[in-house]
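Subject: Structure handover

Dear colleague,

Here is the structure I said I would pass on. My notes follow below it.

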Amino acid sequence: SKQKNEINHKKRFHFYIFKNKNIRMKHIIFSFVLLASTFVVKAQTADEVIAKHIEAIGGADNWKKVNSVKLEGTMQVQGATVSMTQTVLHGKGNRQDISFAGMNGFLIVAPTTGWSFMPFQGQTAPEAMTAEAVAEAQADLDAQGNLIDYAAKGHTVEYIGKDDVDGTEAHKLKVNLKSGKSETMLFDAKSYLLIRLVSTQKADGKEMEVITNFSNYEKTPEGIMVAKSIGLPFGEMNINKVTINGSVDEAIFKN
């Protein structure tokens, strides 16, 4: 009868809906599993890139022995030679000395204080850094690099794909530092050496993107690789002397 056919049709319809709900649920579960596995792959990829990078620059064992690093170099700015020296004492301080046009300036960051004196920018006396600036710069006190035992240091890392750096394929990592600051690191996909760092800096109350390029790596007697050419926004710094674990007087990190 017509009524019986309608009842059977409704039964088939309800069975179809129930069956498709199960199908949809299976699809949803599968999608969640796929999404979760994607995050795992990304995490593994980030750690894989970091592991290969650390191996390429001399290995974790060698870098964990580093207590101080001193880089001395020069660069040309508007036809004049600028001499620059950076001294990092692990966990104690980071000092940059700059000599230009007969004037000497410096930038100091310590665990709780910081100072800047740039006479070629019009400063007539050293100025204390704000507490916020000092906190953001704490990662600069790491002589071993932020990626060595990064999780134990409170940093997190995300793999965000590949990019092209002047014709070189590069793995791209976003590093979220413990201070809350983040930076993007790009590694040569073949050598796993760091070739570009993209960070933000504050100038005149505004944030600006700063790109630093690294090249011409050389191995030191301590077995670690150091970039001898550093491309800064205002020119390329050529490192002519690298001192690892030399004696450093902590007094240089005080104004």
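Where is the place of Gln 144? Gln 144 sits in the loop between helix 3 (131-136) and strand 7 (156-165). Please keep in mind that this is a predicted model.

Gln 144 and its surroundings

Gln 144 is buried, with a relative accessibility of 14%. A polar atom of its side chain lies 3.1 Å from the backbone oxygen of Val 66. The backbone oxygen of Lys 64 is likewise 3.3 Å from a polar atom of the Gln 144 side chain. Leaving aside residues up to four places away in sequence, Gln 144 touches Trp 63, Lys 64, Val 66 and His 90.

Salt bridges

A search of the whole structure gives eight salt bridges.

Asp 149 counts as partly exposed at 43% relative accessibility. Lys 64 is also partly exposed, with a relative accessible area of 41%.

The side chains of Asp 142 and Lys 153 meet in another salt bridge, at 2.5 Å from N to O. Both residues lie in the loop between helix 3 and strand 7, eleven residues apart. Asp 142 is buried, with a relative accessible area of 16%, whereas Lys 153 counts as partly exposed at 23% relative accessibility.

In the remaining pair described here, the side chains of Lys 228 and Glu 218 meet in a salt bridge of 3.2 Å, N to O. From C-alpha to C-alpha, Lys 228 and Glu 218 are 6.8 Å apart. Lys 228 counts as buried because its relative accessibility is 14%, and Glu 218 counts as partly exposed at 37%.

Lys 228 is placed in strand 12 (residues 225-232). Not counting residues up to four places away in sequence, Lys 228 touches Ser 215, Asn 216, Glu 218, Met 237, Asn 238, Ile 239 and Val 242.

Strand pairing

Strand 11 (residues 206-219) and strand 12 run antiparallel and are joined by six bridges. Glu 218 has Val 226 in strand 12 as its bridge partner. The two strands form a hairpin with five residues between them, and Gly 223 in the turn has a positive phi of about 90°.

Strand 3 (residues 93-100) pairs with strand 4 (residues 103-109) in the antiparallel sense, over seven bridges. Within this pairing, Ile 98 stands opposite Gly 105 in strand 4. Strand 3 and strand 4 form a hairpin with two residues between them, and Ala 101 in the turn has a positive phi of about 55°.

Strand 4 is also joined to strand 5 (residues 114-117), by four bridges and in an antiparallel run. Here Val 109 has Gly 114 in strand 5 as its bridge partner. A hairpin through four residues joins strand 4 to strand 5.

Regards

Methods
Residues numbered from 1 in each chain as written. Predicted model: local features only at pLDDT ≥ 70, side-chain atom pairs only at ≥ 80, totals over all residues. Heavy atoms only, no water. Contact = heavy atoms within 4.5 Å. Buried < 20%, exposed > 50% of the residue type's maximum accessible area, 1.4 Å probe, protein only. Polar contact = N/O pair within 3.5 Å; in protein donor to acceptor, adjacent residues only side chain to side chain. Pairing = 2+ DSSP bridges. Salt bridge = Lys/Arg side-chain N within 4 Å of Asp/Glu carboxyl O.
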